[in-house]
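Notebook open, model loaded. I want to go through the strand pairing and then the charged pairs.

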Amino acid sequence: MPVGIDYGRGVVNINEATGIRYGVISMRDILQAWADSSEPVYPCANPQCTCEELGKRQRDCDFCEPCGYEYEGQGYAMQDCLDSDVMVIESPFYTYTRFCSPCVPGAGDLNNYDRNGVKTYCLDGSWFDSGVAPYPVYSIETNLEVK
């Protein structure tokens, strides 16, 4: 069975230097860790927001709504996408997956592990309530499976 269609044609949602695809996972699979770790992103160009004029940081402003959430740390760079998913843009780990649908062209679907699939940035077991990732996790540094 094929690993899907690369709707990104090899040029989007991929780290050009490493050739590793960005990973997309359903937020519900990592909800508690994501809620505890992610930070809101505020739109600096919002014409309705006068937080800076009031001398406040935007996150302290009562009427500025975040436009998304992100996490950077421990070798990870992630952001929310499609209202219900998280995109892993950088990670110390990878796995093999099928391609995502046209909704996230070129990315790997972390909810569809495929040992013959594309190399995809992934999350280690610490992001999951069970403490175990639902796919094999490999270290980028060593190319060995992380147990």
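**Hairpins**

I started at the turn in the hairpin of β3 and β4: two residues sit between the strands, and Q74 there takes a positive phi near 55°. Before going on, I noted that this is a predicted model, where local features need pLDDT of at least 70, side-chain atom pairs count only at pLDDT 80 or more, and totals for chains, interfaces and linings use all residues. Residues are numbered from 1 along each chain as its sequence is written, and side-chain values use heavy atoms, with hydrogens and water left out.

For the labels, strands (E, at least two residues) and helices (H or I, at least four) are DSSP runs numbered from the N terminus. I call two strands paired if DSSP finds at least two bridges between them.

I looked up how β3 and β4 run. Strand β3 covers residues 68–73 and strand β4 covers residues 76–81, and they pair in the antiparallel sense over four bridges. Across from E72 I found A77 in β4.

Next I followed β4 onward. It pairs with strand β5 (residues 85–90), again in the antiparallel sense, over five bridges. C81 stands opposite D85 in β5. The hairpin of β4 and β5 has three residues between the strands, and L82 takes a positive phi near 55°.

**Salt bridges**

How many salt bridges does a search of the whole structure find? I got three, counting a side-chain nitrogen of Lys or Arg within 4 Å of a carboxyl oxygen of Asp or Glu. Side chains of opposite charge can pair when their charged atoms come close.

I checked D6 and R21: their side chains meet in a salt bridge at 3.2 Å, N to O. Both residues lie in the segment before β1 (23–26), so the pair ties together parts that are 15 residues apart in sequence.

Then I took R98 and D114, whose side chains meet in a salt bridge at 3.5 Å, N to O. R98 is in strand β6 (residues 93–99) and D114 is in the loop between β7 (108–113) and β8 (118–121), so this pair ties together parts 16 residues apart in sequence. R98 is partly exposed at 22% relative accessible area, while D114 counts as buried at 10%.

My last entry is E145 with K147, a salt bridge whose closest N and O atoms are 3.5 Å apart. Buried or exposed, where does K147 fall? K147 counts as exposed at 86% relative accessibility, and E145 is partly exposed at 37%.

Key: Buried < 20%, exposed > 50% of the residue type's maximum accessible area, 1.4 Å probe, protein only.
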